[in-house]
Amino acid sequence: MYDPTVARLTYRALLGRRRALILFALPALLLVIAGAVRALTGADDQIASNVLGGFALATMVPIIGVIAGTGAIGPEIDDGSVVYLLAKPVKRPTIIFTKLIVAVAVTMVFSAIPTFVAGLILNGNGQQIAVAYTVAALIASIAYAAVFLLLGTVTRHAVVFGLVYALVWEALFGSLVPGARTLSIQQWSLAVAQKVAGSDLVTSDVGLPLATVLLAGVTVAATWYAGQKLRTLTLAGEE
Amino acid sequence: MTTIDIDHVSRWFGNVVAVNDITMTVGPGVTGLLGPNGAGKSTLINMMGGFLSPSTGSVTLDGRPIWRNEQIYRHIGIVPEREAMYDFLTGREFVVANAELHGLNERAAQRALATVEMEYAQDRKISTYSKGMRQRVKMASALVHEPSVLLLDEPFNGMDPRQRMQLMDLLRRMGDEGRTVLFSSHILEEVEQLASHIEVIVAGRHAASGDFRKIRRLMTDRPHRYLVRSSDDRALAAALIADPSTAGIEVDVTEGALHIQAVDFGRFTALLPRVARDHGIRLFTVSPSDESLESVFSYLVAA
């Protein structure tokens, strides 16, 4: 199911592009914010939770998920170089699964680690807040990577759709329409974080059992469907 | 023996028919797929390569379907027309990756790189390669598993004459070894130099099939039109019309040029400079005025 050659090519493509700069810029921004907040207000559990929930989990994790998820396959399909992967006796689901692993790993490294470090800076992991949001970021990384990898496989405008989902649906609609929050990777991962923190500082609109089922279901379904789409990927000619 | 069978294949995109009911068999040796731009060559090659499903009909390799059958790539090597490859890799890294995806090791990659004579530049990044070098690395990536079928889409585009010769030699060698080599081109001379067998596609239809000499004759026997400017148009016209290789000459006074219709292409091209020299006439312009491929091909279709 896992092809090391596909993985190597995907890592190099992801981290070698200019887009990869955002992978470094966002975590750096988070750490700067955390440092500034700590310097200005001192250690405060509520503020720490607000920063990690409002910026790290709500903005940084999905954007990094978009870049890693769509970037793991989208550019190759766009420029046609995916033909070198497809013209091989390698099962299509293997290609997708491998790319998913890479996208998940990249998203985790660039979102969960900075989240944890920012949590330590903000309140020294008081009330388990840093750990809780780090767990949320790790779990969200898997689901985001899977969904955005599927987007990258089915549309050329994956980055736009991904950002619209992450920022408009989850952030905007989520704050206006309560129902939208049920269909939000961010809320699902918060449900897990709530369990870890065990306090009122981290809350989710979705119960843990439902969140778990949805997270697993979406990840599996998106990955399976991406594999199917890749099997019948049509490379339009130049004509 | 590896044979690609294209059986009553059509492919349309929305309302546009790109390939229209084509039936052909591509066997061992070098086959040229000839046709003007937009004729449907790439669409056909994409179907043979398994990157496009036929709307109707079937494309098979020794009886096995090509579409949605990734195991078929053990036997097929593909050289796409598009330039994009993993530019951030070196040539060697790229070919090694292709070998690994076939379950082969670095030795296979080195052999393929040697075959295309790219060892000297194998450690440079692909982004620094010239068009011809890219083409050769693409070739190497298609050859790592020694496929019995090689499909090349416009392989000579953008190559300089020396690179073209090298690639032609290589493809000829592959054909002589009994591999099934199919390449597309919109340039008759390329196809003629290389392919023993030609399939002509015009506007999505299978226009001609067979030996290149037959097709060449069809193409060269048609009337050619030339525009000629010289130091003495009338004297030149008078001398040329006496020869049976010309069918008509018009003196275009406003343009200051001759419009010549030649019926025997080979003879006319030898005649013109000789007549000019014999009569002390200087030629300023000699340009074919209907050499557009469309006119060549439409003539071919009508024949």
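How many residues of chain B are in contact with chain A? The count comes to 26 residues of chain B against 25 residues of chain A, where contact means that the C-beta atoms, placed from the backbone, lie within 7 Å. This is a predicted model, in which local features need pLDDT of at least 70 and side-chain atom pairs count only at pLDDT 80 or more, while totals for chains, interfaces and linings use all residues. Residues are numbered from 1 along each chain as its sequence is written, and chains are lettered from A and ligands numbered from 1 in the order in which they are written.

On the chain B side of this contact, the elements giving two or more residues are α1 (41–48) and α2 (91–101) of chain B; helices here are DSSP runs of H or I with at least four residues, strands are runs of E with at least two, and both are numbered from the N terminus. The biggest share comes from α2(B), with 4 residues. Sorted by class, that side has 11 nonpolar, 9 polar and 6 charged residues (Ala, Val, Leu, Ile, Met, Phe, Trp, Tyr, Cys and Pro are nonpolar, Asp, Glu, Lys and Arg charged, and the others, Gly among them, polar).

Over in chain A, helix α7 (residues 129–154) packs on helix α10 (residues 208–231) at an angle of about 25 degrees, with the axes 9 Å apart. Axes are lines fitted to C-alpha atoms, for helices over the stretch in contact, and angles run from 0 to 180 degrees between N-to-C directions. That makes α7(A) roughly parallel to α10(A), a label for angles under 35 degrees.

Back in chain B, an open sheet of 4 strands runs in the order β2-β1-β4-β5, with antiparallel pairing; strands pair if DSSP finds at least two bridges between them. Its edge strands are β2 (16–26) and β5 (64–65) of chain B, each pairing on one side only. Within the sheet, β1 (residues 4–13) of chain B and β4 (residues 56–61) of chain B share 5 bridges, and S10(B) has T56(B) as its bridge partner in β4(B).

Further along, β9 (residues 197–202) and β10 (residues 205–211) of chain B pair in the antiparallel sense over 6 bridges. V202(B) sits opposite R205(B). The two strands form a hairpin with 2 residues between them, and A203(B) in the turn has a positive phi of about 50 degrees.

Note on methods: Two residues are in contact if their C-beta atoms, placed from the backbone, lie within 7 Å. Angles under 35 degrees count as roughly parallel, over 145 as roughly antiparallel, 65 to 115 as roughly perpendicular and the rest as oblique.
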